[in-house]
Amino acid sequence: MNHLQKGFLGKTNWWRYILTILILSIGISFFSIPQSIAIGNKTTAGLADASRLDDISYLMTLFDSNVNLIYMLLPFIGGFLFLFFCVKYIHQQAFKNLTTGRVFIDWNRILFSFLLWGGLTVLLVGIQYVVMPDTLVWNFQATEFLLLLVIALALVPIQTSLEEYFFRGYLLQALGILTKNRWFPLVFTSVLFGLAHMSNPEVNKLGPFLMIYYIGTGLFLGILALMDDGLELSIGFHAANNMITALLVTADWQVFQTYSIFKDVSEPNLWLSILPSLIVFPLLLVFYAKKYKWTDWKGKLFGPVKAPVLEEDAV
């Protein structure tokens with residue numbers, strides 16, 4: 001039984017999906033309250049400009065960057081907890097079935113994907129530091145960085161895992177059951193993943209064409225999930241991407257503004273920003289395919305989604 005078919009093992013009434021998304025939204029909103037209260041207190045005290053509270057870049061200046069990171073990641077904790085609750089009690093589904101088509105979650109796959117993309121990212125930053133040293137400024141502050149490290153290790157994997165479980169797990173299975181095919185869930189969740197990042201400061205800085213990168217990233221992660229029959233590779237990749245970004249190098253125009261080791265002071269370039277989704281990600285797919293011996297690309301990306309034949313059905 002493959003990963004998408006495992007969605008049939010839980011309760012699949014349409015209202016359960018609507019209720020889950022509603023509860024998930026409530027959970028995310030509830031865990032956003034601490035930041036809203038803190039901003040409200042700043043505004044009341046005259047320390048924040050009420051007319052600029054819709055500007056994410058401005059909001060990032062109101063608190064210490066470690067505090068900002070906690071506020072930013074708290075809603076994902078709420079989302080993860082509420083999604084777990086809904087899958088278990090509303091869909092009456094094992095969370096493991098949302099994760100993988102394998103009998104057990106393959107932690108080696110998660111670790112390998114994390115180390116692969118984390119290592120490549122560190123290598124690329126190292127090359128940038130050697131070739132264009134003026135673009136990176138030493139930003140290391142020991143005490144603040146150690147606190148950042150604790151926050152990143154504890155919370156960033158929850159943030160990235162929620163996105164993987166919701167887009168490449170919950171929605172991919174739900175839409176597979178609804179449409180009985182694989183290509184529509186892949187395309188729809190990729191576009192939705194991109195649109196979910198539209199409010200990021202990077203889009204304001206570089207323009208709407210940056211959505212090519214975000215949608216391309218969603219497509220890449222979706223292909224990983226479908227071809228590898230589970231979320232393990234995408235979970236590891238996504239965690240490495242965000243964690244290394246938070247810890248190693250950030251910029252004033254990025255959504256993550258942290259006490260990272262380096263700060264990138266170069267002028268951002270749109271085409272360099274979308275390059276990974278056009279060149280690097282396809283090459284990575286080839287590498288993953290060879291390592292894990294993927295076959296039947298057409299069937300796994302465009303084939304039908306059929307309800308599994310259970311033992312009691314076969315009697």
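Helices are DSSP runs of H or I with at least four residues, strands are runs of E with at least two, and both are numbered from the N terminus. The close-up views below show a predicted model.

**View 1. Q5 in the segment before helix 1.** Q5 belongs to the segment that precedes helix 1 (14-30). Its relative accessibility is 16%, and Q5 therefore counts as buried, the limit for that class being under 20%. Leaving aside residues up to four places away in sequence, Q5 touches K306, A307 and P308.

**View 2. The stacked rings of F112 and F287.** The ring centres of F112 and F287 are 6.2 Å apart and the planes meet at 15°. Because rings pair with centres within 6.5 Å and count as stacked with planes under 30 degrees apart, this pair is stacked. F112 is part of helix 6 (residues 107-131) and F287 part of helix 12 (residues 270-292), so that the pair links distant parts of the chain, 175 residues apart.

**View 3. The aromatic cluster around F112 and F287.** The structure holds 29 aromatic pairs. Ring pairs join F112 and F287 with Y288, Y292, W294 and W297 into a cluster. Y292, a member of this cluster, also carries a charge over its ring: the charged end of K291 sits 5.4 Å from the ring centre.

**View 4. A lysine over the ring of Y89.** K88 lies over the face of Y89. The distance to the ring centre is 5.7 Å.

**View 5. The salt bridge between R109 and D228.** Side chains of opposite charge can pair when their charged atoms come close. In this view D228 forms a salt bridge with R109, with 2.8 Å between the closest N and O atoms. D228 is in helix 10 (residues 211-228) and R109 is in helix 6, so the bridge ties together parts that are 119 residues apart in sequence. Both partners are buried, with relative accessible areas of 3% for D228 and 13% for R109. The two residues also belong to a network of salt bridges that links R102, D106, R109, D228 and E232. A search of the whole structure finds 7 salt bridges.

**View 6. The salt bridge between K205 and E267.** The closest N and O atoms of K205 and E267 are 3.7 Å apart, and the two residues form a salt bridge, for which the limit is within 4 Å. K205 is in helix 9 (residues 201-206), whereas E267 is in the loop between strand 3 (262-264) and helix 12; the pair therefore ties together parts that are 62 residues apart in sequence. K205 counts as partly exposed at 42% relative accessibility, while E267 counts as exposed at 63%.

**View 7. The salt bridge between D252 and K263.** The side chains of D252 and K263 meet in a salt bridge, at 3.2 Å from N to O. D252 occupies the loop between strand 2 (249-250) and strand 3, and K263 is in strand 3, so the pair ties together parts that are 11 residues apart in sequence. K263 counts as partly exposed at 25% relative accessibility.

**View 8. A nonpolar surface patch including L124.** The side chains shown are L123, L124, I127, Y129, V130, V131 and M132, which make a nonpolar surface patch of about 700 Å². L124, one of these residues, is found in helix 6.

**View 9. The surroundings of N242.** N242 is located in helix 11 (residues 232-248). The residue is buried, with a relative accessible area of 11%. Not counting residues up to four places away in sequence, N242 touches V156, Q159, T160 and F256.

**View 10. I33 and Y71.** I33 is in helix 2 (residues 33-44) and counts as partly exposed at 38% relative accessibility. I33 and Y71 are separated by 38 residues in sequence and by 9.2 Å in space, C-alpha to C-alpha.

Terms used: Residues are numbered from 1 along each chain as its sequence is written. This is a predicted model: local features need pLDDT of at least 70, side-chain atom pairs count only at pLDDT 80 or more; totals for chains, interfaces and linings use all residues. Side-chain values use heavy atoms; hydrogens and water are left out. Rings of Phe, Tyr and Trp (its six-membered ring) pair if their centres lie within 6.5 Å; planes under 30 degrees apart count as stacked, over 60 as edge-to-face and the rest as tilted. A charge sits over a ring if NZ of Lys or CZ of Arg is within 6 Å of the ring centre and within 35 degrees of the ring normal. Patches are made of residues with over 30% relative accessible area and no salt bridge: like charges are joined within 9 Å, nonpolar side chains (Val, Leu, Ile, Met, Phe, Trp, Tyr) within 5 Å. Accessible areas come from the Shrake-Rupley method with a 1.4 Å probe; for residues, only the protein chains shown count as cover. Buried means under 20% relative accessible area, exposed over 50%, partly exposed in between (1.4 Å probe, protein chains only). Contact means heavy atoms within 4.5 Å.
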